Amino acid sequence: WACADCVCFDVDSTVCQDEGLDELADFCGVGEKVKQWTKKGMTGSIGFRESLSTRLQMVRPSKKSLQDFIANHPVRLTPGVQELIACLHSRGTDVYLVSGGFREIIGPAADQLAISPDRVFANSIQFDETGEYNGLTFKIELNSQSRTMNITALSRRLQELRSNSTHQSVRREGNRPAADQDGGSVLYPRHGR
């Protein structure tokens, strides 16, 4: 990492010890059912988009239940990650969170790590005008067949980072294997479980 001027981290089971949607599902009383679908998505037996949509449909969090979850479940950062990111910040390295999870759940971790919201690339949970669940907006996808981040989406995000800044070397860290087609970024071993 000595040469990287930008590092992108995955969040679930990397920056944080937990899978955010599974924790939200437990809070909403459908944890076991959702965890089965998480396993299906992670093993590639179903596509990421289908897995994520189905799991979120099972949970159907309202804006209030999501706020209650966040208020009652403090972020469990992976040991050492806060110090690592503080070290990266102190030497001027830009840090981004790039996740197949949800901005709403990732926000408290980003705050705790002093990562601004404009450096968080993630999906978003949508709510209607009454605050009830109304679907999701996909920003990042995973390819369940090869268990890699959608190379098009990830490459686009990394390319944005390269073209919209002075970054010469962008590296990424996560718990999912990555293909090499994203312009030479490097995937380091996972920190999580």
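Reply: Arginine 76 counts as partly exposed, at 42% relative accessibility. On that scale, buried means under 20% relative accessible area, exposed means over 50%, and partly exposed is in between (1.4 Å probe, protein chains only). Keep in mind that this is a predicted model: local features need pLDDT of at least 70, side-chain atom pairs count only at pLDDT 80 or more, and totals for chains, interfaces and linings use all residues. Residues are numbered from 1 along each chain as its sequence is written, and side-chain values use heavy atoms, with hydrogens and water left out.

So what does arginine 76 hold on to? Its partner in a salt bridge is aspartate 18, with the closest N and O atoms 2.8 Å apart. Arginine 76 sits in the loop between α5 and α6, and aspartate 18 in the loop between α1 and α2 (20-27), so the pair ties together parts that are 58 residues apart in sequence. Aspartate 18 counts as buried, at 15% relative accessibility. To be called a salt bridge, a side-chain nitrogen of Lys or Arg has to be within 4 Å of a carboxyl oxygen of Asp or Glu. Helices (H or I, at least four residues) and strands (E, at least two) are DSSP runs, numbered from the N terminus. As a general point, side chains of opposite charge can pair when their charged atoms come close.

The whole structure has 4 salt bridges. One of them joins lysine 35 to aspartate 26, with 3.3 Å between the closest N and O atoms. Lysine 35 is partly exposed, at 26% relative accessibility, and aspartate 26 is partly exposed too, at 35%. Arginine 119 and aspartate 94 also meet in a salt bridge, at 3.1 Å from N to O. That pair links distant parts of the chain, 25 residues apart: arginine 119 is in the loop between α7 and β3, and aspartate 94 is in strand β2. Arginine 119 is partly exposed, at 23%.

An α-helix has 3.6 residues a turn, so residues three or four places apart point the same way.

A nonpolar core here is a set of buried Ala, Val, Leu, Ile, Met, Phe, Trp, Tyr and Cys residues joined through side-chain atoms within 4.5 Å.

Alanine 110, in helix α7, is buried with a relative accessible area of 3%. Leaving aside neighbours within four places in sequence, alanine 110 is in contact (heavy atoms within 4.5 Å) with Leu97, Ile115 and Val120.

Finally, how far can you trust this? pLDDT is the predictor's confidence in each residue, from 0 to 100. The chain's mean is 79, and 70% of its residues reach 70 or more. Confidence is highest in helix α5 (residues 63-72), at a mean of 97, and lowest in strand β8 (residues 187-188), at 34. pLDDT stays under 50 over residues 142-152, and likewise over residues 176-193. Where pLDDT is low, the predicted coordinates should not be read in detail.
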